[in-house]
Number of protein chains: 2
Amino acid sequence: REVFYEISPADFFYRNKDIAGFSNPARAIYSTIRELIENSLDASELYGYPPDIYVRVTADSGLSTTENINVYTIRVGDNGSGVPARHIPSAFGQVFYGSKYKLRQSRGTFGLGGTMAILYGQITTNSPVKVISSTGDRAIHEYELMIDIQRNRPIVLKHKSYKNEDGWHGTVIEVKIEGDYPRAMPKIIEYLKQTAIVAPYANLTFVDPKGRLYRFERVTEEMPKPPTETKPHPYGSDVESIKRMIAVTPCKDMLSFMTTHFHKVGRITAEKFLAFAGISPKKRPKSLTNNDIVELVKAMKEYDGFRSPSADCLSPLGENLLKAGILKELNPEFVSVRQRSPSVYSGYPFIVEVAIAYGGGIPKTGDILLYRFANRIPLLYDEASDVSWKVVHQLINWKHYNVDVQTMPIAVFTHICSTKIPYRSVGKEFIADIPEIEREILAGLRDVARELSSYLTRRRAIEMEKKR
Amino acid sequence: REVFYEISPADFFYRNKDIAGFSNPARAIYSTIRELIENSLDASELYGYPPDIYVRVTADSGLSTTENINVYTIRVGDNGSGVPARHIPSAFGQVFYGSKYKLRQSRGTFGLGGTMAILYGQITTNSPVKVISSTGDRAIHEYELMIDIQRNRPIVLKHKSYKNEDGWHGTVIEVKIEGDYPRAMPKIIEYLKQTAIVAPYANLTFVDPKGRLYRFERVTEEMPKPPTETKPHPYGSDVESIKRMIAVTPCKDMLSFMTTHFHKVGRITAEKFLAFAGISPKKRPKSLTNNDIVELVKAMKEYDGFRSPSADCLSPLGENLLKAGILKELNPEFVSVRQRSPSVYSGYPFIVEVAIAYGGGIPKTGDILLYRFANRIPLLYDEASDVSWKVVHQLINWKHYNVDVQTMPIAVFTHICSTKIPYRSVGKEFIADIPEIEREILAGLRDVARELSSYLTRRRAIEMEKKR
Ligand SMILES: Nc1ncnc2c1ncn2[C@@H]1O[C@H](COP(=O)(O)OP(=O)(O)OP(=O)(O)O)[C@@H](O)[C@H]1O
Ligand SMILES: Nc1ncnc2c1ncn2[C@@H]1O[C@H](COP(=O)(O)OP(=O)(O)OP(=O)(O)O)[C@@H](O)[C@H]1O
Ligand SMILES: [Mg+2]
Ligand SMILES: [Mg+2]
């Protein structure tokens, strides 16, 4: 007879680490570093602190099983918001625990990444993670933690607190993992370079196992406006989300329910919508039956009178920043950037920003060099499964723009920011080809391709002139 | 200040349904049908019952929000093992609950698929799922369930039991979901056709919303030998798995610990290994310190005296079955199949089976038609991210085999069976390019490509002859 088990979320990702992006020692050290850096960047940006992030990788000698696969200590420190002491054990020692389960643009979204790095370290080296953090209040807390994987609970091995003399705020994480640094190095350095492109207000310091220092200095103190939390939009609703709103609502009638819980639904819109849905504005939300809720959700999807979600809550790169970052890192002969006006999919607002660059420091690779970003995270793997790749390779006819993909040095950049990025995997490496997003990337790339086309035409004319 | 939450696994997949393969109504109806069919096939094969599986999709009228997107009732019935009554609510109403968390080849592996279909149905239609099941004992149980998503617990709305007059065993699931059947139809029919290729001992009956009957009759009563559970292999061990073994072991000394808990480790191998690892065979397992465990795991990875895992526990298709299935479904002019001898990755045994087919009923598409299977599941999406696609398009030089990919009608088949398939996503659509697996697919395809090459050469020679 079959035996039935339940397993915890930590156990699930322990058994399926490839699904979380920890498939082998090289990929694991890359994923560990990126997950921790993304946590640090979120923690600084959300509070408007220009980020100072320090990453150090040291090889533990005497423990290598082969030449490259070795135990590495990875230490990441930031000057971000810090983690309140009572949340530190669960934030790092429990899967599906975090502060990013809200409708706000941030790199983190699953409540899994940092914990996964710690889990991977634990199962490969059996070492606890050290977390030092303060929110700037009177104490700095230092924890030594492990994860009870079968119960998905943190195990606190040590907890000390110190007086915070200077009002320091930030977090330092130190984890030991089995990794393959030499193999992962090109991707790690590339990740840092690309992060510097889209976060030029950040100081990134990286010290590798040989003691070499890589420094990406900030080129501006000016921080982008922090993203803000937004309310859900009616188009993104389903039966479960409405039920949850009703369960917690203080509203006594459907009219205030609509104007209170939803984004950009004012009194007039609410009255018109409720009339369309055949629901009395005076009806008490908690009196809706299950059938009423199904009808309400259907009406929300069909009613075309709702205003589009505003993208004011988003924090795009901006054309200047993107252009400056590309010029600084790649030094091209030509670059054109375009920020599309805000759009929406399934009730989530999003903004697409694209750029195309030609010549100068861009290498000739026989194909278009594609740089992809989502909520300011560089995506370095699985490009062939990403919506941007599909647009660049299947939907744009480059010949139409006088671009010979095989002989010209061309780089394309796409950045999507949203309150919800439709990642296709928890490893956050590629994005689903949602029709609205695909349309925006295509339209944006056509614009900048047209500019490149004019530039190439002028350039050829000038060269013709010179020859005479 | 940041607010911290924990969310349940059901809540996680509710918020991230694209990650589970339920990204839009067309994909959702496909995923629902495949997850339920895979559950039914597992339930029959594990007990050696020739599967009789019945799938019916009906459109609920009057509830459509657009032309195609509609509420559909999906009913899947099988003659499998059934689910014991006390486990029915959790098996279907709880994420990460199931009977497949063991080292045995099966389609199911995550404890998520069936529950995800039910969750998706609930959030789009607010309808409960109906489950009727019996293990062949005296009672047939009928449940009406919903999922408490925030707590990841089943909600039993109704439970009746009937006398099981005929000793029936099997399961019937009826779920209502919002789907887009017309758009999904080609993939659904293709999925059924490909399932018939690799499970020719199964009767599959499908009735579509228009009442059309698709019937895939079994062509043999002969069932493949059921896969068996195997013990873990030392090469697949890590600190966590060793700790769990030690926690539950009845063994009083390390010698019996090694021979009891591991696959193919006999007394002599155990003694030699323990000597290599510097651990006394008499040492009590429960007396090992954390450091001892780390050293033990390292020694297990380094010791080369362990016998390779046996693949006796696996249940491959077999060359005859694969050939027969291809001939029946595609009627090619030429087909060559090859079953590679067993191999292993990370301690998991696996067998690769490949085939190449040419001409006859195979359409000319300007490219190689790639059919991918894993543990007898057809994989229909994301082929460009799959290890088989990489081998077919990047690692094999087809010209070398006289194959002109653009003008010849060629189909390639790959099947991998293992106690653990390295899926890259919980949607089970593509497989990681694990080096050992990549090597086996490449070697297998080279073999069959060579046979096709000889065939094409002979064929051309014959045509030359005829011209004279
Ligand atoms: N360096 C840091 N500074 C401040 N808070 C942090 C830091 N690192 C982690 N946290 C907190 O711990 C929580 C859990 O982090 P974790 O990386 O596991 O998940 P996440 O960032 O929420 O989502 P994701 O899985 O997408 O990364 C975060 O939500 C955040 O509140
Ligand atoms: N038709 C069925 N007959 C017998 N048992 C079933 C059937 N459907 C589901 N089950 C039981 O319910 C459990 C949970 O099913 P579910 O599809 O959610 O997960 P799974 O099949 O274990 O893994 P996966 O997520 O990979 O499909 C199964 O492990 C199995 O024990
Ligand atoms: Mg994170
Ligand atoms: Mg299943």
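In this predicted model, helix α6(A) passes helix α9(A) in a right-handed crossing. The two helices, spanning residues 239–248 and 290–302 of chain A respectively, pack at an angle of about 115°, and their axes are 9 Å apart.

**Helix contact in chain A**
- From α6(A), the residues Val239(A), Ile242(A), Lys243(A) and Ile246(A) take part, and they meet Asn290(A), Ile293(A), Val294(A), Leu296(A), Val297(A) and Met300(A) of α9(A).
- By class, the residues of this contact between α6(A) and α9(A) comprise eight nonpolar, one polar and one charged.

**Sheet in chain B**
- Eight strands of chain B make up an open sheet with mixed pairing, in the order β7-β6-β5-β8-β3-β2-β9-β10.
- Because β7 (153–163) and β10 (213–216) of chain B stand at the edges with a single partner strand each, one side of each is left without a neighbour in the sheet.
- From one strand to the next, the twist averages 15°.
- Strand β6(B), residues 139–148, pairs with β7(B) in the antiparallel sense over 10 bridges, and Tyr143(B) has His159(B) in β7(B) as its bridge partner.

**Helices on the sheet**
- Helix α4(B), residues 113–125, lies across β3 (69–78), β5 (129–135), β6 and β8 (169–180) of chain B, and runs at about 45° to β8(B).
- Helix α5(B), residues 181–198, packs on the sheet and touches β2 (52–60), β3, β8, β9 (203–207) and β10 of chain B, its direction making about 170° with that of β9(B).

Methods
Residues numbered from 1 in each chain as written. Chains lettered and ligands numbered in written order. Predicted model: local features only at pLDDT ≥ 70, side-chain atom pairs only at ≥ 80, totals over all residues. Heavy atoms only, no water. Pairing = 2+ DSSP bridges. Helix = DSSP H or I, 4+ residues; strand = E, 2+ residues; numbered from the N terminus. Axes fitted to C-alpha atoms, helices over the stretch in contact; angles between N-to-C directions. Contact = heavy atoms within 4.5 Å. Left-handed = near helix turned anticlockwise from the far one by under 90°. Nonpolar A, V, L, I, M, F, W, Y, C, P; charged D, E, K, R; others polar.
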